[in-house]
There are 2 protein chains.
Amino acid sequence: MSKVKTLEDLQKLIKDTQAIGTIEARWEAVAAVDPRLVQQLSHSNFESISEDRQVIASGTPASPGAASGLLCLSADTVLSVDEEGEQTILVCSETTPADEIGMRLAAGIVTARGGISSHAAVIARGWGIPAVVGVPSLQINEKSAFFGEVEIKEGEPISLDGATGQIIFGSNHVEDSEQIPEIEQLLEWADEIRGERIGVLANADTEEDLLAALAFGAEGVGLCRTEHMFLGEQLPLIQEFLNAQEDPPENVLQELELTQRSDFVKLFRAAGDLPVTVRLLDAPLHEFLGASASQEEHNPMLGTRGVRLALLRQDLYRMQARAISKAISDITKEGGKPNVSIMIPLVVDRKELEIIRGWIEDAITEIMKVDNFLETPRVGTMIETPRAALSASEIAKEADFFSFGTNDLTQMVFGFSRDDIEKEVMEQYLQMKVLEDNPFEVLDPGTIAPLIAAATRAARISRPGIEVGVCGEHGGEPSSISLLVEAGVDYVSCSPFRIPVARLSTAQALITQDQNK
Amino acid sequence: MSKVKTLEDLQKLIKDTQAIGTIEARWEAVAAVDPRLVQQLSHSNFESISEDRQVIASGTPASPGAASGLLCLSADTVLSVDEEGEQTILVCSETTPADEIGMRLAAGIVTARGGISSHAAVIARGWGIPAVVGVPSLQINEKSAFFGEVEIKEGEPISLDGATGQIIFGSNHVEDSEQIPEIEQLLEWADEIRGERIGVLANADTEEDLLAALAFGAEGVGLCRTEHMFLGEQLPLIQEFLNAQEDPPENVLQELELTQRSDFVKLFRAAGDLPVTVRLLDAPLHEFLGASASQEEHNPMLGTRGVRLALLRQDLYRMQARAISKAISDITKEGGKPNVSIMIPLVVDRKELEIIRGWIEDAITEIMKVDNFLETPRVGTMIETPRAALSASEIAKEADFFSFGTNDLTQMVFGFSRDDIEKEVMEQYLQMKVLEDNPFEVLDPGTIAPLIAAATRAARISRPGIEVGVCGEHGGEPSSISLLVEAGVDYVSCSPFRIPVARLSTAQALITQDQNK
């Protein structure tokens, strides 16, 4: 059966299905629609009249949608141009977490380096910002960007199409996407099929992200990253803490705790009684300290990250545990019912989890002495190292839940550094058909999917009822979702802008599963 | 039963066993000896009279044995001081492959950075050079090394004990190890038990390494790395090749092919009819190009290495295949019977192997047109990415043999970069008992050993009779050997200086296995 791929066909399908009015017809309708149509219709497109648009370069389409604005060569420039009320396009070599404050305000992002899983691409998709990355012809100097021979100065207009990877000369009118009633209807039917069988949650770091995600139909937060809470004004504090060899100044941690507590309060309040899973800090050292640090690492992706940094600098996670627990207490006092889980990144052994759980319990005990308005958070772990997946049975004994981090898992199972491999090797591998798909886009059916399925089985035998989710980029990709549903996960969590596709794809996967029974 | 741990007890044991004269007694004797005794007795020690030696610093003991010589702050200085007939100790921040020519001549090596699996440590163990790495108090300037407050100028004497990690002031008399007849006897009995059941091969890159390995009782070469063939005088050639975007100058490859062919001829001639497994080039790009290269990678360990580089720059492995095939032909014409295998590094999918095998067959066909003195080499693969281990059944269809690279496998399964993790994290993890042993020293019994066992089983079902070996550092470590024998491998391959321990440990593992049947 050929899939429904145009809005016109979708409109007809919805009308016919409503006319029949049976559950079976609705199931057939849900099964019939190509998820790419839903993806495409939830992002802005250039107005059709700009057919004479002048394409000046092409790169990797990294986050769909179209954007037009004034070219800014740094995140700082984005901040100042944005203050003047102008739309901005950030054009740079590549981005780092320090750029995130500016990136958030940009209408579009273009980078010379990096691939589909580079920092710029992941962040842009998360925030629904159109982006094109890895533009080979892009050269940047202090005042201009050169796309081949076309020079565009800082402050001049430029446009991009994140769905095709095109960079377009000058200013272009961008048509905003609008809610299409037939899509809304289709996704309601999909939710009806999904019922309680599998959850669709969002990766959302802030209150704003969460509100965007809820508008798209997310049922909670499967991954709240806390890295951004250490950036901006907080960056000098965490740098001071990390550079201090022993006994960091007490006020540094107190100040970090205060701002994190207030961020968590906002997020938990906005979430109501929906689940929110907070991941404790996981950033490679060099992202905070920069290349100047004496702690510079050869392979930071495999270095002092996540729980490893936490075991070296034990005040860090203790501080985050206090901030989260106090925020839970604050919301409870307001009469809220926060439903919070704490997640530990980069675990390789159950003992890491055991130690961190002890710290979290310490924080709770301390708070309970003065304040018994506290719903105890659950404590679980990312499963993102191959070792964690291979020892799922042991680790489950210490974990209230698992969340597979499929980006890192893919990285380590293949031995592929996303940033490096997508520059040249991936293209060659796809062209020579060594790999059928880029495993960072489509979950590897040969090894990663079976590994997740086996780890899920082992965990459930070891700890019946353990909740198992996925919070990598794959959680919003249709064919990956189909493999994850087959593996038996309880929920997928993805970028807010991928939620509609995830709602449809999970329902389709369940239909296929039921048919095969 | 407490193990025999002193030379005196060993001498008594051998004497008693000879008096009894039965096979059973010999088995019991082999089982009774602590492998550490054999390790200890095969390396040089400081003469006992230097009890007043002045220890000025300590680091990680990285390669056993004692050494004394004139301090050299670079590999180049080692070369010039060595020419004057003086013993040298190389003292530097850390080493890279470009230093290997100098390292080979040093009597000892000391580095400020790095752990037990750093470049300096691995190379030193491979060549049996005493080494101490990761000396925290070591500071180096242009003309001196400072161990805390003790300054030693370049050209002044210094000593080290690679078994304890001590750095010792001044010149000290070093007593060379000598062959101990009781050890020889014990190892002969161990070989008798081992028989044909499991092989003990050496990691040996050159004719000299091979001769050292044969003296220790190796039965061939399980891993001949070819990286050194691109260093020294050849370095500018490979740099020119890698920096050329298209069509590299023909003479560059011809020159590399000629020198490699002559290196292989020497190695194959020395090996006689013993097996020699040659691994095609596997070095991260930055090791050849240096940090200046535009191709600089964020995580080179997970970047453009091994077969990945080969698929981007296809002339490289074709050149190596021609050099190996022509060397086989040269030796065959001399009347030799070379027994050569070609091994592909960093494979993740059988298709990579399929493509490279095609190139090797092309090279052979071309040579056969003018010359039919050619024993066709076997073609196999390293299993060092988790994905290769997890898809062993598929990959075995294209591989004449497997060789597990346990260093990289450990690195990727744990998500541990050796160089980075061993600086701080490992010490903390061992101290907090998160891990019982450093998995780079002792094979992880929880995940790596079962993964090797499962991949071996899957490969043998898919391709009955496929040969399976191990060529990581673990192949010479007693408790790892016991796990590998249990996993059913056909051979272990380790540094020449670990061969005696491997001969004893494999025999002990077989005895235990038989007892448990």
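This is a predicted model: local features need pLDDT of at least 70, side-chain atom pairs count only at pLDDT 80 or more; totals for chains, interfaces and linings use all residues.
Chain A is divided into three assigned stretches. Domain 1 covers 7–41, domain 2 covers 48–175 and domain 3 covers 230–379. Between domain 1 and domain 3 of chain A, the C-alpha centres are 44 Å apart.

Strand S9 spans residues 144–147, and strand S10 spans residues 150–153. The two strands run antiparallel and are joined by four bridges. In one of these pairings, A:Phe146 of chain A has A:Glu151 in S10(A) as its bridge partner. Two residues lie between the strands of the hairpin. A:Gly148 adopts a positive phi near 60° there.

The largest cavity has a volume of about 100 Å³. Its lining draws its largest share, four residues, from helix H6 (residues 119–127) of chain A. Residues lining the largest cavity include A:Val122, A:Ile123, A:Gly126 and A:Trp127. Also among them are A:Glu100, A:Asp205, A:Asp209, A:Arg225 and A:Glu473. By class, the lining holds four nonpolar, three polar and five charged residues.

The second largest cavity has a volume of about 80 Å³. Here helix H6 (residues 119–127) of chain B supplies the largest share of the lining, again four residues. B:Val122, B:Ile123, B:Gly126 and B:Trp127 are among the lining residues. Others in the lining include B:Asn203, B:Ala204, B:Arg225 and B:Ser495. The lining of the second largest cavity divides into four nonpolar, three polar and four charged residues.

How values were computed. Residues are numbered from 1 along each chain as its sequence is written. Chains are lettered from A and ligands numbered from 1 in the order in which they are written. Side-chain values use heavy atoms; hydrogens and water are left out. Two strands pair if DSSP finds at least two bridges between them. Domain bounds come from an automatic or database domain assignment. On a 1 Å grid over the protein atoms alone, a cavity is a set of points where a 1.4 Å probe fits but cannot get out, and a pocket is an open set with protein on both sides within 12 Å along at least five of seven lines; lining residues have an atom within 4 Å of a point. Grid points are joined across faces, edges and corners, and a volume is the space filled by probe spheres set on the points. Ala, Val, Leu, Ile, Met, Phe, Trp, Tyr, Cys and Pro count as nonpolar, Asp, Glu, Lys and Arg as charged, and the others, Gly among them, as polar.
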